[in-house]
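Please look over the structure shown here before reading on.

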Amino acid sequence: MTLQSRLDAFKADFEAGKPPYNVPYSVIETMRRATAELIASGAAQRALKAGDKLPAFTLSDPEGNTVSSDGLLSKGPLVISFYRGVWCPYCNMELQALQEALPQFQELGASLVAISPQNPANSRKSVRQNNLAFPILSDPHNDVAAAFGLRFEMQDYLIELYKSLKNDLPAFNGDPSWTLPMPARYAVGQDGVILYAEVNPDYTRRPEPEDMLPALRRAASLSA
């Protein structure tokens with residue numbers, strides 16, 4: 001089953017109000033409105049694209065070790081996934097799919113990292129919950145996401161909805177700003193040039209991990 005088909009099946013159950021979520025339809029309508037407004041804003045079109053240069057970054061993993069884009073690129077191509085947090089079921093399914101594809105990335109000499117604004121404790125939870133063998137990095141204040149053009153401020157009505165659902169992002173992230181990254185996936189060559197980019201203002205839509213393999217194969221052939 002493809003990643004998107006798994007996401008679609010979850011979305012259908014969620015929107016049908018099935019357990020364990022049992023959300024009223026008004027919640028679904030509010031989430032749909034926020035997604036439609038983010039799509040209409042054109043923010044995704046302003047994010048970094050294939051051909052752009054990667055903004056260099058240094059972030060911490062859950063154990064406090066620093067991980068830099070330069071260090072990762074010194075070993076080979078790099079796959080980067082921006083996700084919202086361990087509280088997002090769509091993100092967890094994507095992380096699981098990336099874990100399944102990790103051997104294919106490694107065969108091509110590529111590293112994989114995932115970046116979210118959540119604090120280290122919640123990054124550790126991401127690793128445990130999804131049985132991940134690749135680094136999860138914390139991006140305080142979504143600063144790296146902003147450098148990629150992915151950070152957006154949540155609408156007031158969406159913040160109120162999250163609060164009513166006890167989804168306390170300031171506590172999750174250690175940041176009072178109520179910002180999120182649009183989910184995004186990048187493949188980057190060793191020269192720091194982005195080879196593949198997909199940004200999803202609709203958080204229920206994610207690319208297949210295999211979609212990046214052609215770009216990674218090109219990168220591997222160039223460095224051979």
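## Basis of the model

This is a predicted model, in which local features need pLDDT of at least 70 and side-chain atom pairs count only at pLDDT 80 or more, while totals for chains, interfaces and linings use all residues. Residues are numbered from 1 along each chain as its sequence is written, and side-chain values use heavy atoms, with hydrogens and water left out.

Helices (H or I, at least four residues) and strands (E, at least two) are DSSP runs, numbered from the N terminus. A residue is called buried under 20% relative accessible area, exposed over 50% and partly exposed in between, with a 1.4 Å probe and protein chains only. Contact means heavy atoms within 4.5 Å.

In soluble globular proteins, nonpolar side chains tend to be buried together. A nonpolar core is here a set of buried Ala, Val, Leu, Ile, Met, Phe, Trp, Tyr and Cys residues joined through side-chain atoms within 4.5 Å. The largest such core holds 73 residues, and those with the most contacts inside it are Ile-80, Phe-82, Phe-105, Phe-148 and Tyr-186. Helix H5 (residues 89-107) supplies the largest share of this core, namely nine residues.

Val-188 belongs to strand S8 (residues 184-188), and it counts as buried because its relative accessibility is 0%. When residues up to four places away in sequence are not counted, Val-188 touches Leu-54, Leu-73, Pro-77, Leu-78, Ile-80, Val-193, Ile-194 and Leu-195.

## A cavity and a pocket

Rolling a probe the size of a water molecule over the atoms shows where empty space is left. On a 1 Å grid over the protein atoms alone, a cavity is a set of points where a 1.4 Å probe fits but cannot get out, whereas a pocket is an open set with protein on both sides within 12 Å along at least five of seven lines; lining residues have an atom within 4 Å of a point. Grid points are joined across faces, edges and corners, and a volume is the space filled by probe spheres set on the points. For the linings, Ala, Val, Leu, Ile, Met, Phe, Trp, Tyr, Cys and Pro count as nonpolar, Asp, Glu, Lys and Arg as charged, and the others, Gly among them, as polar.

By this rule there is one cavity of 30 Å³ or more, and the largest cavity has a volume of about 160 Å³. Its lining has 15 residues, of which Thr-35, Arg-84, Phe-152, Leu-158 and Tyr-203 are the closest to its centre. Helix H2 (25-40) gives the most to this lining, with four residues, and the lining of the largest cavity consists of eleven nonpolar, three polar and one charged residues. The largest pocket, in turn, contains about 330 Å³ of space. It is lined by 15 residues, with Phe-14, Tyr-21, Met-31, Trp-87 and Asn-167 nearest its centre, and helix H1 (3-15) and H5 are the elements that give two or more residues to this lining.

## Helix H8

Which residues of H8 are buried? They are Leu-158, Ile-159, Leu-161 and Tyr-162. Seen down the axis of H8, these buried residues fall within an arc of 160° (taken from the directions from the helix axis to the C-beta atoms), so they line one face of the helix. The buried residues of H8 pack against H2, helix H9 (169-173) and strand S7 (179-181).

## Backbone features

Most residues other than glycine have a negative phi, and most peptide bonds are trans. Asn-131, in the loop between helix H6 (120-130) and S5, has a positive phi of about 50° although it is not a glycine, and at 62% relative accessibility Asn-131 counts as exposed. Trp-178 lies in the loop between H9 and S7 and has a positive phi of about 55°, but at 11% relative accessibility Trp-178 counts as buried. A cis peptide bond, with omega about 5°, joins Pro-19 and Pro-20, and Pro-20 is found in the loop between H1 and H2.
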